[in-house]
Amino acid sequence: MTAPVTSERAATNRTRRDPAEVPAGLPRWAYLPAVVGGLFVVLPLVAMGTRVDWSNYWGLVTSESARAALVLSLQTATASTLLCLVLGIPMALVLARGRFPGQHLLRSLVLVPLVLPPVVGGVALLSTFGRRGLLGESMEVLGLQIAFSTTAVVLAQSFVALPFLVVSLEGALRTGGERYDVVAASLGASPTTVLRRVTLPLVWPGLVSGTVLAFARALGEFGATITFAGSLQGVTRTLPLEVYLQRETDPDAAVALSLLLVAVAVVVIAATSRRGAGGAVR
Amino acid sequence: MTAALPRRTPRAPVALVVAASAAVVPTACSTGTATEDDTTLTVFAAASLTAAFEEIAADFEADYPGVDVQLNLAGSSSLVAQVQQGAPADVVATADTATMDTLVADDLVGIPQAFATNTLEIAVPSGNPAGVTTLQDLTVPAVNLVVCAPEVPCGAATTDVVDHAGLTLHPVSEEQSVTDVLGKVTAGEADAGLVYVTDVARAGDRVEGIPFDEADAAVNTYPIATVGRTGQSADQADRAQQFVDAVLSPDGQAVLADLGFAAP
């Protein structure tokens, strides 16, 4: 059902791009800093790979604590990503398509966690959901305690990951424009139908890349988690916290787990870029 | 499968980083102005000694005009790694004997002398909301207990104490460092935490300390030793010994006692 729309847009893009198919003439000097930049990103990962104690690798990454941390990380990052989708899609829609006073200010505020050091996010969450926090005190009365629970990990991850989803999706919504939405609405589609059948399929690549970014950010969350959630095996000690702890006594295990985290990140990005965003590039 | 994989490379990158940080840190912590190299004394001390050694160093500089004491304060295992990599230390003081023993085994230091001890104490937020009074009270599930992870020194001490007392704790969190435990107690998130006596002393009014008898099962002894290194002048070696003597002197011991440390 989305195919006609997508191919139609692709056709529009192609006619627009025609003049640009003449070689643009990338300046040669650009290659040198580009290669240096690429090495700067890749070399540390390769260097870490050379430090891995391969003969014991399997044992190091399948120890009880490592497995508990990996499972917890995947579970919490998935839960956080779902929470980000549930809250982030409407947020992006409101910010991109809504018209209300203070929209600009709200947009800036929502993006604050993007530039905030995560440890500051942890302190902020503690002031909100902590036992002596803004909401925490009334929640304590209701018998709900968030600090030191897996819920706290999900909150910490969602707090830092949400802006990534909102930014990606909002950008896609703005770039896509509202033409097709207007057409669909004029043909009698209800706003919800337009959203489901036209708007979201059009921004699908942006939604996918935003989701991947949010998941990756949630998976790597460290500062807010250790500040807000604590660190206990199987409950709050995610893979990044386990890496940091193992570094203290068992550097080999820390390196092995780091590589595992890199592998998970690469798999996630590779899988989604092929299925989602990749298809829309051409 | 493993045979075909590459060998591990030497640890040169780490050595570089350690050497670089060792070179930068003492300068940043300089407590005076250096005039000549041979009047600069570099002291590596465990982070928990920060307040005590800053005071002792200031007194030492007053007693020996022209001498500039530079403090490098870090975790004991980091200090040991830096000395092993050839960082220019004249004196090293660690927070436990195990870390110092590695330097003795490598023949890098003189004979270590114990100069202070530290024991665990229960820290509770001011007002003691959970009404904790003994180590046994910490085993109550309703008490939100935070301890150090067994992987770090304060967690090892916690394990020793608890095992010795025949108890089992069910902490809600095992933190990375004693500072993190103290932070959770100060914030009121935890009802109780196990930290060192000196940590309670420096936390001020927001935390109350509850000593317990079982803490004697894990007494942390702080050793200090002079470091013999290449390029060290006889003058510096003398100064290093004088600094060790100053720490062991009644004045030095009084400074440590004020901050909650016990005599060895």
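**Figure 1. The span of residues 29-48 in chain A of this predicted model**. The UniProt record, an unreviewed entry, gives residues 29-48 of chain A as a "transmembrane region", and it places the same feature at residues 69-96, 108-129, 141-166 and 253-272 of that chain.

**Figure 2. Chain A, with its 15 helices and zero strands**. Of the 282 residues in chain A, 40% are buried. When contacts in chain A with a sequence separation of 6 or more are considered, 76% of them are between residues 24 or more positions apart.

**Figure 3. Chain B, in which helices and strands both occur**. Chain B contains nine helices and ten strands, and buried residues account for 46% of its 264 residues. Among the contacts of chain B that join residues at least 6 apart in sequence, 77% link residues that are at least 24 apart.

**Figure 4. The interface between chain A and chain B**. In this contact, chain A takes part with 26 residues and chain B with 28 residues. The size of an interface is often given as the accessible area lost when the parts come together. For chain A and chain B the buried area is about 2,400 Å², and carbon and sulfur atoms give 48% of that area. Between the two chains there are nine residue pairs in polar contact, counted where both residues have pLDDT 80 or more. On the side of chain A that touches chain B, α13 (223-228) and α14 (239-249) of chain A each supply at least two residues, and α14(A) gives the largest share, with six residues. Sorted by class, this side of chain A has ten nonpolar, nine polar and seven charged residues.

**Figure 5. Salt bridges across the interface of chain A and chain B**. Two salt bridges are found across this interface. In the pair formed by B:D191 and A:R131, the closest N and O atoms are 2.8 Å apart.

**Figure 6. A:Q246 in helix α14 of chain A**. A:Q246 has a relative accessible area of 10%, and it counts as buried because this value is under 20%. Leaving aside residues up to four places away in sequence, A:Q246 touches A:S65, A:P251, A:A253, A:A254 and A:L257 within chain A, as well as B:E151 of chain B.

**Figure 7. B:A190 in the loop between α6 (178-186) and β8 (192-196) of chain B**. With a relative accessible area of 0%, B:A190 is classed as buried. The residues that B:A190 touches, not counting those up to four places away in sequence, include A:R131 and A:F148 from chain A, and A:R131 is also the residue with which B:D191 forms a salt bridge. From chain B, the residues that B:A190 touches are B:P125, B:N144, B:V146, B:K184 and B:V185, with the same exclusion of residues up to four places away. B:S173 is 17 residues from B:A190 along the chain, and the C-alpha atoms of these two residues are separated by 9.1 Å.

Note on methods:
Residues are numbered from 1 along each chain as its sequence is written. Chains are lettered from A and ligands numbered from 1 in the order in which they are written. This is a predicted model: local features need pLDDT of at least 70, side-chain atom pairs count only at pLDDT 80 or more; totals for chains, interfaces and linings use all residues. Side-chain values use heavy atoms; hydrogens and water are left out. Contact means heavy atoms within 4.5 Å. Buried area is the accessible area (1.4 Å probe) that two parts lose on being put together, summed over both. A salt bridge is a side-chain nitrogen of Lys or Arg within 4 Å of a carboxyl oxygen of Asp or Glu. A polar contact is a pair of N or O atoms within 3.5 Å; within protein, one must be able to donate a hydrogen and the other to accept it, and residues adjacent in sequence count only if both atoms are side-chain atoms. Helices (H or I, at least four residues) and strands (E, at least two) are DSSP runs, numbered from the N terminus. Ala, Val, Leu, Ile, Met, Phe, Trp, Tyr, Cys and Pro count as nonpolar, Asp, Glu, Lys and Arg as charged, and the others, Gly among them, as polar. UniProt positions are given in the numbering used here, feature names are shortened, and annotations may be inferred rather than shown by experiment. Buried means under 20% relative accessible area, exposed over 50%, partly exposed in between (1.4 Å probe, protein chains only).
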